[in-house]
Every structure is written in structure tokens, then in C-alpha cells.
Amino acid sequence: MPELPEVETVRMGLQPVIEGHRFTHVLTRRGDLRVPFPKNFVKRLTGREVTRLWRRAKYLLADLNAGETLIIHLGMSGRMSVFTEGRERNLGRYVYEAAPSEAGHGKHDHVVFETDAPARIVFTDPRRFGLMTILKTGALNDTALFKGLGIEPLSEEFDSAYLAKVLSGKKTPIKAALSDQRVIAGLGNIYVCEALFRARTSPKRLAKQVSLKSAAALVTTIKAVLRDAIKAGGSSLRDHKRVDGALGEFQHHCAVYDREGRPCPNNCRGVVKRIVQSGRSTFYCPKCQK
DNA sequence: CCATTAACCTGACAGC
DNA sequence: TGCTGTCAGGTTAATG
């Protein structure tokens, strides 16, 4: 479900009630998500202060004042809800609801955190493709989760020279290359489709056949589409919501994603087509994406 | 080594 | 109402 903009939206919503605050209570309702919770998960969090809440690729990372970092991945259907205890509060740009007593008791509410903000944070994940673990802060880049991750697409280092270089040897379609977390970390199905559309590049074109000019255009469109999506609070096609329950708005700005059969917004008189690549839907305009 | 596919799991929706 | 089949913002083990 969540790609970089959705995870970033969740991060910004959690920040005021997590960063600089302590976990007063932590509760897990089952032994695992996609993988088991690590040993002493609750114990290693309880009483700890989060010094920094940040993001790498589609992972949320909460650095603890104990040399460890809580890692959260939302998988396809994972969601975070924030309730402030007692009354409605306005912290930052979000208005958080007071926690009804049943908050955190839903069928798919698997983890409940309470912080001294005070706030109750509920992790809900029907499909359980999400993941939570705890790793040593100083050694994150040596772990299996982070070792192979590619560049952050919103970083300065992500430029046309980088993209051209990583695409040059690949005979896989550009759609698959851009979706590969080892190449660029954080893009997923929606934003790859949208960036390719904006760059007028066919998703079927082989990565090594992407011209230098197209690679430069892709860098620009990838950054732009991610920034636009973050500004819109992400895309709410089914599961994604902000931590206060509000929906993201970017799906209304999508040119091609989930728009099979509709006219191409470039007014080229083409029609948006859906194909399957690497087992996932790709949406594009066959007329203006070459 | 590289690239594609199947599997993980539940819910929503379309069609009969 | 209820069945069946399909699909979903991701990752990864197995397979070719």
C-alpha cells in the first residue's frame, strides 16, 4: 500500500506525539506480523524516549535513547492512528481525536503504543505484510533490511548521472528497474506509473534503452511527483489514511494510475491502457509514452 | 549473478 | 444472500 509519500505522511503525523516523548506502554496483540516481533520487543521500548523519527525508503525509524532503533514497515495495508488522551488536541498541522476506550481493540489492531505526549498510537494491518523490529542504531546499514537499499529519490545525490548509470546495464523494462528498491528506494507502483507518464517514457522500454535525456526527465518527474504526493497527503486508494483518519488526496491528481480506459490527460486522444509487468498492473498512455 | 513468478494474508468488489 | 474469481500502495524465497 504505502509508498514513500504515504510513509512520509504518516511520519509527519506521528512526529509531534513521538519525537521527544517516551513510550509509557506498549502492547502487541500477536506474536508476529510478516516476521516475528524481536525478543523483548515491549521491554526494549517501554520507558524509552524517541530522539528522532525519520524515514528510509518505505521504513519508519524511531531512534531510542538506548542505542537502538524501532523499525516499522506498513506493508500493503498497514496504518497508524493517533488518539490523544482526554481531549482533542492540535499539535502541528494535525488535529488528533481523543481516544475512545475501544481505540486499539479492532480486529486487526496488532500493536498499541502509548506515549507521554500523551497519545495512543494504534497500528492496524489487515493483511499483516507489515513488519516491526528493533536494531542497533549504529549498525543499521549492515543489516539485511537496509544493506541493499538504493538511493533516496528526494536526495541531492539522485540526479541524471546516477540514474543513467544504474539503468545502463539493465535489460529489464524501465518500470521494473524503477520499482526495484535496490535501485531507487521508496518508489512503488503508483508513483513509477505517474513518473513514467510525466516523462513520456513507455514502461515497456528496456532500462538500458532509456536515453540520457529521458533519464534526466525521469529524475525531474520522480522528484516532482513525490513532492506533489507528499503535499497532497499521499494517495488513498483503499487503505491509506493520515494518522488523524483524513484521506490523502493525490489519487485525484493521478494521470494514469487506476484510470484504465480513460482519455490521456495530455489530450493526445490516446486512451490509458492497463498491462501486467512483473505480476503488477502498469497504467500508461501508449500514444504519448515512447 | 540476474530476472521473473509465486507466496505471504485479508477484504472489497464484480459477476453469476 | 452467497458463492467464485480477481485484484490491491510490498517484499522475498524459490525458480529458471
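Colleague: What conventions apply to the model and its numbering?
Modeller: Residues are numbered from 1 along each chain as its sequence is written, and chains are lettered from A and ligands numbered from 1 in the order in which they are written. This is a predicted model in which local features need pLDDT of at least 70, side-chain atom pairs count only at pLDDT 80 or more, and totals for chains, interfaces and linings use all residues, while side-chain values use heavy atoms, with hydrogens and water left out.

Colleague: How many residues of domain 2 are in contact with domain 1?
Modeller: Contact means heavy atoms within 4.5 Å. Domain 1 brings 23 residues to this contact, and the number from domain 2 is 20.

Colleague: Which three residues supply more of the area that domain 1 buries against domain 2 than any other three?
Modeller: Buried area is the accessible area (1.4 Å probe) that two parts lose on being put together, summed over both. The two domains bury about 1700 Å² between them, with 61% of it on carbon and sulfur atoms. Of the area that domain 1 buries, 30% is supplied by P5, E6 and R79.

Colleague: Which element gives the largest share of the side of domain 1 that touches domain 2?
Modeller: Helices (H or I, at least four residues) and strands (E, at least two) are DSSP runs, numbered from the N terminus. The elements that give two or more residues to this side are α1 (4-18), β5 (79-84) and β7 (94-98). The largest share is 9 residues, and it comes from α1.

Colleague: Is A57 buried or exposed?
Modeller: A57 lies in the loop between β2 (50-56) and β3 (59-64). Its phi is near 55 degrees, a positive value in a residue other than glycine. Buried means under 20% relative accessible area, exposed over 50%, and partly exposed in between (1.4 Å probe, protein chains only). Because its relative accessibility is 1%, A57 counts as buried.

Colleague: Is R269 buried or exposed?
Modeller: R269 also has a positive phi, about 70 degrees, although it is not a glycine. R269 lies in the loop between α7 (212-231) and β11 (273-277). Its relative accessibility is 77%, so R269 counts as exposed.

Colleague: Which residue joins its side chain to that of S235 by a polar contact?
Modeller: S235 is placed in the loop between α7 and β11. It is buried because its relative accessible area is 4%. Leaving aside neighbours within four places in sequence, the residues in contact with S235 include E6, H240 and F250. The polar contact is 2.7 Å, and the partner of S235 is Y191.

Colleague: What distance separates the C-alpha atoms of A195 and V225?
Modeller: A195 has its place in helix α6 (residues 189-198), and it is buried because its relative accessible area is 1%. Leaving aside neighbours within four places in sequence, A195 is in contact with L218, T221, I222 and V225. A195 and V225 are 30 residues apart along the chain, and their C-alpha atoms are separated by 6.4 Å.

Colleague: Which residue has its backbone oxygen 2.9 Å from a polar atom of the side chain of N189?
Modeller: N189 is in helix α6. N189 is buried because its relative accessible area is 18%. Its contacts beyond four places in sequence include E3, K175 and Y257. The backbone oxygen at 2.9 Å belongs to S281.

How values were computed: A polar contact is a pair of N or O atoms within 3.5 Å; within protein, one must be able to donate a hydrogen and the other to accept it, and residues adjacent in sequence count only if both atoms are side-chain atoms.
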